[in-house]
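Dear colleague,

Below is the structure I promised to pass on, followed by my notes on what turned up when I went through it. Please read them alongside the coordinates.

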Amino acid sequence: MKPVLYIVIPCYNEQEVLPITAPQFLTKLLVLRDLGKISDESRVLFVNDGSRDRTWEIIRELAASDPHYLGISQSRNRGHQNAVLAGLMEAKDRCDITISIDCDGQDDIDAMDRMVDAYLDGCEVVYGVRASRRTDTFFKRFTAQSFYKFLAAMGAEVVYNHADYRLISARVLQELAGFREVNLFLRGLVPLVGFKSTTVSYDRAERLAGKSHYPLRKMIALAMDGITSLSVKPLRLITGFGVFVALVSFFGVVWAIVTALSGRSIEGWASMTCIVCFVSGVQLISLGIIGEYIGKTYLEVKQRPRYIISERTWEAAEEAPKS
């Protein structure tokens with residue numbers, strides 16, 4: 001049997017780009033169907049992440065215009081990772097495979113052909129990986145590459161230059177549903193699930209319309225979520241550094257005692273001030289890192305819902321009065 005594919009697309013304030021990219025996603029879906037690679041039951045699933053513009057209205061209009069379009073809306077904005085997860089969990093019992101992709105048109109939708117081919121060859125997960133970053137500014141390229149290298153150095157298992165453009169089989173999604181983390185970092189969670197995987201490289205284009213919703217501030221926050229969700233290496237680094245400072249301090253105490261007993265001690269505030277400032281800075285940084293982990297633990301213990309679906313386009317269609 002031909003697999004049922006759901007293309008999962010998170011949307012947040014995308015009224016400018018959605019009318020441009022939605023037909024492209026539908027065209028790709030129909031091409032894959034006509035090539036005999038997927039079933040006609042395949043769908044394009046939009047996830048409205050609490051947009052404040054006309055995004056949800058556009059999604060509803062699309063769903064009314066063609067049965068291949070579906071949409072769900074979150075009760076409020078919960079962030080990109082939660083929106084992707086909501087779409088994947090909504091689709092996992094309806095399809096055989098999902099492909100998550102942003103709606104800005106930057107990711108090459110033609111890479112979906114190779115993703116589906118890889119699935120048909122036996123891969124359960126296919127990661128879309130950027131071949132290069134020629135279209136990025138120097139600052140964007142530097143921060144993005146530093147982001148992946150820093151995550152790897154901190155012990156988070158991630159695929160280099162991979163964002164959230166990936167194919168996941170329903171089998172993997174069933175296992176992913178067992179991961180109950182509130183602090184989501186899907187780029188690290190999916191590799192943890194395992195199963196046979198591969199990568200597909202592609203070139204990323206410029207955004208077709210609108211503006212990016214992932215500034216440096218959000219990128220840093222995402223990196224922190226990734227590190228604290230997947231690794232305790234920062235805590236071990238603190239422990240190791242604390243042992244190092246303690247050893248240095250011990251030898252410093254011995255030196256101070258020997259100097260005092262030999263009568264060669266000179267009163268001064270500079271060296272003492274430097275030591276106090278250094279140790280205080282180390283303590284504050286260490287407390288901040290530990291506090292970050294405690295804060296994440298606090299949120300995990302609450303076990304709040306990671307997403308809440310307030311509307312579904314197919315439910316609205318079913319509730320509409322029949323003429």
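Predicted model: local features only at pLDDT ≥ 70, side-chain atom pairs only at ≥ 80, totals over all residues.

Helix α7 (residues 186–193) is largely enclosed by the rest of the structure, because seven of its eight residues are buried, where buried means under 20% relative accessible area with a 1.4 Å probe, counting protein chains only. The buried residues are Leu 186, Arg 187, Gly 188, Leu 189, Val 190, Pro 191 and Val 193, and the helix is followed by Gly 194, which has a positive phi near 90°.

Residues are numbered from 1 along each chain as its sequence is written, and side-chain values use heavy atoms, with hydrogens and water left out.

Asp 49, in the loop between β2 (43–48) and α2 (55–65), is buried yet has no salt bridge (a side-chain nitrogen of Lys or Arg within 4 Å of a carboxyl oxygen of Asp or Glu). The nearest side chain of opposite charge belongs to Arg 78, 6.6 Å away, with Lys and Arg counted as positive, Asp and Glu as negative, and His and the chain ends not counted. The backbone nitrogen of Arg 78, however, lies 2.9 Å from a polar atom of the Asp 49 side chain, and the side chains of Asp 49 and Gln 74 are joined by a polar contact of 2.8 Å (N or O atoms within 3.5 Å, one able to donate a hydrogen and the other to accept it, residues adjacent in sequence counting only if both atoms are side-chain atoms).

The largest nonpolar core has 35 residues, of which Ile 9, Phe 46 and Met 112 touch the most other members; such a core is a set of buried Ala, Val, Leu, Ile, Met, Phe, Trp, Tyr and Cys residues joined through side-chain atoms within 4.5 Å. Among the elements that give two or more residues to this core are β1 (5–11), α1 (18–34) and β7 (197–202), and α1 supplies the largest share, six residues. A second, separate core of 31 residues includes Met 89, Ala 91, Leu 176 and Ala 177.

For the protein chain as a whole, the secondary structure comes to 11 helices and eight strands, and 46% of the 323 residues count as buried.

With best wishes

How values were computed. Helix = DSSP H or I, 4+ residues; strand = E, 2+ residues; numbered from the N terminus. Buried < 20%, exposed > 50% of the residue type's maximum accessible area, 1.4 Å probe, protein only.
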